[in-house]
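Me: Could you walk me through reading this structure, feature by feature? I would like the general idea each time, then the case at hand.

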Amino acid sequence: EDAYSIAQLNDRTSVIVNVGGNKYQIPWTTLDQIPLTRLGRLKACSNYEEIMDICDDYDVNHNEFFFDRNPCAFRTIMTFLTAGKLRLLREMCALSFQEELVYWGIEDENLEWCCRRKLYQKVEDLE
């Protein structure tokens, strides 16, 4: 059953990702562009254990991946995946946002230059 569900998952054109209760349907082709990120690594999974190394839970029946992470930060990451722009959130601590980027495997060099400067300034202020 495990191998069957994984094979079935890869036959689909998109993946369902649930972050903090918010569901996103993401085309596999989008994730192909970011293979080294946490989401990009999902496609290479061949069994349940590998999936559970990447996400917090997995619903085999619906092929839905669950991540217990900040949904606001993930919306920004989704914008980056779809539009190519990554910006800091005003309502979120810059260091917490940086932790989210690390978790998802997104390099902070992808931040727009003004946001990257703000982030580095916040990090410097704390040192």
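Reply: Gladly, and let us begin with strand pairing. Strands β3 and β4 run antiparallel and are joined by 3 bridges. Two strands pair if DSSP finds at least two bridges between them. Helices (H or I, at least four residues) and strands (E, at least two) are DSSP runs, numbered from the N terminus. Within this pair, D57 has F66 of β4 as its bridge partner.

Me: Before we go on, what should I know about the model and the numbering?

Reply: This is a predicted model, in which local features need pLDDT of at least 70 and side-chain atom pairs count only at pLDDT 80 or more, while totals for chains, interfaces and linings use all residues. Residues are numbered from 1 along each chain as its sequence is written, and side-chain values use heavy atoms, with hydrogens and water left out.

Me: Where is confidence lowest in the protein, and where is it highest?

Reply: The score to read is pLDDT, the predictor's confidence in each residue, from 0 to 100. Its average over the protein is 86, and 91% of the residues score at least 70. Confidence is lowest in helix α1 (residues 2-11), with a mean of 52, and highest in strand β4 (residues 64-67), at 96.

Me: Which residue in the turn between β3 and β4 has a positive phi?

Reply: That is N63: the hairpin of β3 and β4 has 4 residues between the strands, and N63 in the turn has a phi of about 50°. This is a positive value in a residue other than glycine. For burial, the cut-offs are under 20% relative accessible area for buried, over 50% for exposed, and partly exposed in between (1.4 Å probe, protein chains only). N63 counts as buried because its relative accessible area is 2%.

Me: Which way do β1 and β2 run relative to each other, parallel or antiparallel?

Reply: Strand β1 (residues 14-19) and strand β2 (residues 22-27) run antiparallel, joined by 6 bridges. S14 stands opposite P27, and V17 has Y24 as its bridge partner. Their hairpin has 2 residues between the strands, and G20 there takes a positive phi near 55°.

Me: How many bridges join β1 to β4?

Reply: There are 4 bridges between β1 and β4, and these strands run parallel. Here I16 stands opposite E64, and N18 stands opposite F66. In general, side chains in a regular strand alternate between the two faces of the sheet. As for burial, 5 of the 6 residues of β1 are buried.

Me: Now a helix. Which residues of α5 are buried?

Reply: They are A94, F97, E100, L101, Y103 and W104. These residues pack against β1, α3 (48-54), β4, α4 (71-83) and α6. Just after α5, G105 takes a positive phi of about 80°.

How values were computed: Contact = heavy atoms within 4.5 Å.
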